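This briefing is intended for reading alongside the sequence and the three-dimensional structure. It is arranged by topic.

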Amino acid sequence: MLNLVIRGGTVVTAGSLGMTDVGVQDGKVVQLGGSMTGRRELDARDQYVLPGGVDIHTHLTSPVDPGPGVELWVDDFYSGSLAAIAGGVTTIGNMTFQRDGETLRQSLARDLQAAQRDAAIDYILHPVLSDPAPASLAQIPELAAEGHTSLKIFLVEDNFDSLVDEYLEAIQLAARHGMLTLLHCEDGALIRCVCRELLQMGRTAARHFPASRPIFAEVAATERAIAISRALDAPIYIVHLSSARALDSCRRARADGLPVYVETRPLYLYLTSERFAESDAAKYAGAPPLREPEDLRAMWNGLHAGDIQCVCTDHAPWTLRQKLDPARDATNLRQGVADLETMMPMLFSEGVRTGRISLSRFIELTCTNTAKLFGLYPQKGTIAVGSDADLVVWNPEAWRVVDGASMQSRAGYSVYDGREVVGWPRFVVSRGDVVLDEGSITAPRGRGRWIRRGPTQRL
Ligand SMILES: [Zn+2]
């Protein structure tokens, strides 16, 4: 007798779809189809059985030390895990920033401790390089060998241009050791220049935020990132791409055979810059900002056509009070929104149900491609004998209105409040444990594990 059997559901992976029972033992999928019985059985008739979501882009720890007067993102590994579970995500990746004076290894040790204490689902950590000093560069090959096979760099960082040789050395080292470099593509100098002008003209209200980070700054940095990939033969992953023109650049690079991968995030699929006409515009701030309707259409076309490989949240939650802080202006609004609980349901509801993307594409975008690129596949990101039993029994007819106040993130609001969303998880299984059971979350703090990763797999 097996630990768990999921019976009668339609099992969906990136490459197949069919009605199959799934048998789970000791945290792994051990049987697909055939006769089996389980100590516990989940009824999945009329439901889909999906691989758990792999959202490799979240912010559950702060870039700065906590202290009096310091405002931090409001979710930690525990509340972030709960939001993930409620939305069908079973693996999360956290951006682990170097704080003042820390090496990459020191920052990872700090966040690993927090995750071991708090995470309720499995996780990986991306070291963020913001101080490319020799000590940190020397650690890159060691970190790759230890299973941290990614590195994050912000082209928008104040010191990027002054330390560009060091940053390029880091990207080259990462590539040579099987790591994928995540790049935030906005040009810092151009943005600083535009912001100075806005301040001089007194255009400081939140509605001017989209103008503070223009598309040309994203395109310039995206083109530079592509040139870096070309020069170093380095695989790069462009986080939260937002504009049609930046996507065009990536499409051309990929047609040239460059290992350039594109992530977008939910914000750019559902909202456009007209939101900034609202009185509480600041709540929509993220970097890059919301774009125009033609950009939103380009994102959907990119998901459909395969020019965009991954949808991840960039979950970076603040409360409404923090977002609407009157001390902030258009040039320094708090950036980021909560999205872990809504990412998969909304993409299913507004993508799969409307026919804009297929069910298998939905799985590629939310699970399989991220698992491959980040060295987790096939342990994560698919349903196969031997894979971790990270499974979602998905009710395609479950109807709910988004209400951030009653959701798991401590943000307490959602930018999608009031939207009707059809398709939600009914059960979520993480390494064989039922962690969402008909709406109630049963995962204890600290049950999550760090996943040692292999090299990036090129798509
Ligand atoms: Zn981010």
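In which loop is Pro288 found? Pro288 sits in the loop between α9 (267–270) and α10 (293–305); helices (H or I, at least four residues) and strands (E, at least two) are DSSP runs, numbered from the N terminus. The model is predicted: local features need pLDDT of at least 70, side-chain atom pairs count only at pLDDT 80 or more, and totals for chains, interfaces and linings use all residues. Residues are numbered from 1 along each chain as its sequence is written, and side-chain values use heavy atoms, with hydrogens and water left out.

**Zinc site**

- His57 (NE2), His59 (NE2) and Asp314 (OD) coordinate the zinc ion at 2.1 to 2.2 Å. Donors are N, O and S atoms within 2.8 Å of the metal (3.2 Å for Na, K and Ca); water is not among the atoms, so sites may look incomplete.
- Along the chain, the zinc donors follow the spacing H-x1-H-x254-D.
- Strand β8 (residues 53–58) holds His57, while Asp314 lies in the loop between β15 (310–311) and α11 (320–323), so this pair ties together parts that are 257 residues apart in sequence.
- His57 is buried, at a relative accessible area of 0%, and Asp314 is buried at 7%. Buried means under 20% relative accessible area, exposed over 50%, and partly exposed in between (1.4 Å probe, protein chains only).

**Backbone geometry**

- Most residues other than glycine have a negative phi, and most peptide bonds are trans.
- Ala287 and Pro288 are joined by a cis peptide bond, with omega about -5°.
- A cis peptide bond also joins Tyr377 and Pro378, where omega is about 5°. Pro378 is in the loop between α13 (359–373) and β16 (391–401).
- Asp314, a residue other than glycine, has a positive phi near 55°.
- Glu438 is not a glycine either, yet its phi is positive, at about 50°. Glu438 belongs to the loop between β18 (433–437) and β19 (440–441) and is partly exposed, with 48% relative accessibility.

**Thr382 and its surroundings**

- Thr382 is placed in the loop between α13 and β16 and is buried, with a relative accessible area of 10%.
- Leaving aside residues up to four places away in sequence, Thr382 touches Thr13, Pro51, Tyr377 and Ser387. Contact means heavy atoms within 4.5 Å.

**Domains and their interface**

- The domain assignment gives domain 1 (2–49 + 384–441) and domain 2 (52–373); the bounds come from an automatic or database domain assignment.
- The C-alpha centres of domain 1 and domain 2 are 27 Å apart.
- In the interface, 36 residues of domain 1 contact 45 residues of domain 2.
- About 3300 Å² is buried between domain 1 and domain 2, and carbon and sulfur atoms give 62% of this area. Buried area is the accessible area (1.4 Å probe) that two parts lose on being put together, summed over both.
- Arg410, Tyr413 and Tyr416 supply 22% of the area that domain 1 buries against domain 2, more than any other three residues.
- Four salt bridges are counted between domain 1 and domain 2. A salt bridge is a side-chain nitrogen of Lys or Arg within 4 Å of a carboxyl oxygen of Asp or Glu.
- Between the domains there are also 15 residue pairs in polar contact (both at pLDDT 80 or more). A polar contact is a pair of N or O atoms within 3.5 Å; within protein, one must be able to donate a hydrogen and the other to accept it, and residues adjacent in sequence count only if both atoms are side-chain atoms.
- β16, β17 (420–430) and β18 are the elements that give two or more residues to the side of domain 1 that touches domain 2. The largest share of that side, nine residues, comes from β17.

**Salt bridges**

- Side chains of opposite charge can pair when their charged atoms come close.
- The salt-bridge rule gives a count of 36.
- Asp314 forms a salt bridge with Arg265, with the closest N and O atoms 3.2 Å apart. Arg265 lies in the loop between β14 (260–264) and α9 and Asp314 in the loop between β15 and α11, so the pair ties together parts that are 49 residues apart in sequence. Arg265 is buried, at 1% relative accessible area.
- Arg275 and Glu278 meet through their side chains in a salt bridge (3.5 Å, N to O). Arg275 is partly exposed at 25%, and Glu278 is partly exposed at 31%.
- Asp325 pairs with Arg334 in a salt bridge, the closest N and O atoms being 3.3 Å apart; both Asp325 and Arg334 are buried.
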